[in-house]
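The structure is shown first.

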Amino acid sequence: MLNVISSDTAINDSLRSTTPDTVPVKQPVKRKDHYALYVFFILFAATLLNGLDASEFTGASTVIARELHLGINDIGILASAFTIFLTISIIPVGIWADRAKRSHVIAACLAIWSLATALTGLAGSFIALFFTRMFTGIGEAGYAPAGYSLVGDFFEDNQRGKVISGLSVASLLGPILGMVLGGVIAGLGTGSWKLAFLVTGVPGLILAFFAWRLREPARRQSGTLTNDARTMASSALKPAEIVADLGKLLRIKTLVCLTVIGVLTAFTSTALSSYFPILLQQHDTFGMTSAQAAIYAGLALGPTALIAIMLGGYLTDWLNRRYQSARLLVSVVSILLTAPLNMTALFIMLNTHNIILFSAVMVPAFFINMMHIGPLTAAMLDVVPAEMRASAIAIFVFIQRILGTALAPLVIGTLASSFDPGGLHFLHSLAGHDLTLALLITCPVAYIGAGIAGIAGLRWVGHDRTAAEGELAA
């Protein structure tokens, strides 16, 4: 839920060009530009609503499983359904966003997502839930590539870390609110979980109207317009150009390392978040109710994450003025420190059932882990030419979602079910040990792999950033 991600440099020469849908930009957008702040608000709200809908299911999953007679592996499949349609659509939508008016891309996808959200509240079977959850993925598919591409054109290089961290706050605040909303409403009575999905569709439709009316800035590389802004905005989708773009991005070694980091950290965070409320409600862990688990997750982890994300953005922007690889470095340090803390918290849950001791370890782990979210995506924008940012974000999210976010619930659910072949543990709310063991088997390997990829990326980030700067100056 999250999902999601993403400052760059100057070039020596470029042309100022516009399209019929492009507002002329004669100089870099200043920090206090009111319209840029308005755009940030629209993107912030879109991110918030997408995250809220995605995590409502997580908060209510135990109640939904009980009412619809689902197993723990079914929860894993449904948790992945949101990702499936996003994965299918993210690359074509991202390439479309590089060639079309990005506000229209965001608005169209928001409208479809909002309708799918309302239909989730009307679902009464596993199959119906699977398809409605799958179609809500188009919301994030439309937002991420076009939204972050707009950030690259509305904000200067020394502001993007803070702006992206601000959007990351929304991507976390939405899931937190959704988890609390879903868990509390689901605990009100039989069928009450449906209300949460029905009432969140309307705000998305309203927001789609305002997103459609956003002005489109001309595309630039760190304050200057790209030479081929007109071409990129108006050209048709040509297969040969798409393949060439993909090949060019894959030759950026730092981008490959960042993608590996994104996949592995998405796996660990999704594995933990997808089953966190269920873990808290199992009698062999803490035995909380649906509402108690949702409120604990929101109050204990929510404020912690918000502070950590903003601190990560400001810290990396400050360090970036002194050290060119600061954004990637902060991400690597965050991951390496998080790994042992998270594993320790799981051991405590498995063996002591002490919520105070568990919180004393989990909250700091969560804080440190959240610091890497903004810097990781900002580091990607550092090494990618301006005219390919949306495509790069699209490819990054595609790979991250299919190999990290989509795979994690399936793997954890399958492993946990293998420890409980008859499903009796989950039926009687005694699946805490099964889920914890599944997490302990998979997450350490993912953390180690992400750390290795980050260390490797530090070797190439300086070269790749310089290459991105000179791409348009040549």
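## Helices α12 and α13

The crossing of α12 with α13 is left-handed, a term used when the near helix is turned anticlockwise from the far one by less than a right angle, whereas clockwise counts as right-handed. Helix α13 spans residues 355-370, and it packs with α12 at an angle of about 160 degrees, the axes being 8 Å apart. That angle makes α12 roughly antiparallel to α13; angles over 145 degrees get this label, under 35 degrees count as roughly parallel, 65 to 115 as roughly perpendicular and the rest as oblique. Axes are lines fitted to C-alpha atoms, for helices over the stretch in contact, and angles run from 0 to 180 degrees between N-to-C directions. Helices (H or I, at least four residues) and strands (E, at least two) are DSSP runs, numbered from the N terminus.

On the α12 side, the contact (heavy atoms within 4.5 Å) is made by S334, L337, T338, L341, N342, T344, A345, I348 and M349. On the α13 side, L357, F358, V361, M362, P364, A365, I368 and N369 take part. By class, the contact of α12 with α13 holds 12 nonpolar, five polar and no charged residues. Here Ala, Val, Leu, Ile, Met, Phe, Trp, Tyr, Cys and Pro count as nonpolar, Asp, Glu, Lys and Arg as charged, and the others, Gly among them, as polar.

## Basis of the model

The model is predicted: local features need pLDDT of at least 70, side-chain atom pairs count only at pLDDT 80 or more, and totals for chains, interfaces and linings use all residues. Residues are numbered from 1 along each chain as its sequence is written, and side-chain values use heavy atoms, with hydrogens and water left out.

## Helices α11 and α12

Helix α11 (residues 290-320) packs with helix α12 (residues 326-351) at an angle of about 135 degrees, with 8 Å between the axes. α11 is therefore oblique to α12. The crossing of this pair is right-handed.

T316, D317, L319 and N320 of α11 meet A326, R327 and V330 of α12. The contact of α11 with α12 divides into three nonpolar, two polar and two charged residues.

## Helices α10 and α18

Helix α10 covers residues 253-281 and helix α18 covers residues 432-470; they pack at an angle of about 160 degrees, with their axes 7 Å apart. This makes α10 roughly antiparallel to α18. The crossing of α10 and α18 is left-handed. Their contact comprises 20 nonpolar, nine polar and two charged residues.

## Histidines with positive phi

H69 is not a glycine, yet has a positive phi of about 60 degrees. H69 sits in the loop between α1 (34-68) and α2 (72-99). With a relative accessibility of 72%, H69 is exposed; exposed means over 50% relative accessible area, buried under 20%, and partly exposed in between (1.4 Å probe, protein chains only).

H353 also has a positive phi of about 60 degrees without being a glycine. The loop between α12 and α13 contains H353. At a relative accessible area of 36%, H353 is partly exposed.

F197, in helix α6 (residues 193-199), is buried at 1% relative accessible area. F197 and A54 are 143 residues apart in sequence, with 9.9 Å between their C-alpha atoms. Leaving aside residues up to four places away in sequence, F197 touches D53, E56, F57, T117, A118, T120, G121 and R133.

P409 belongs to helix α16 (residues 407-418) and is buried at 0%. P409 and A79 lie 330 residues apart in sequence and 6.3 Å apart, C-alpha to C-alpha. Not counting residues up to four places away in sequence, P409 touches G76, A79, S80, T270, S274 and Y275. In helix α5 (residues 157-186), I185 is buried at 15%, and its C-alpha is 7.7 Å from that of A291, 106 residues apart along the chain.

## Cysteines

How many disulfides does a search of the whole structure find? The search finds zero, a disulfide being a pair of cysteine sulfur atoms within 2.5 Å. C257 is buried, with a relative accessible area of 10%. C443 is buried at 0% relative accessibility.
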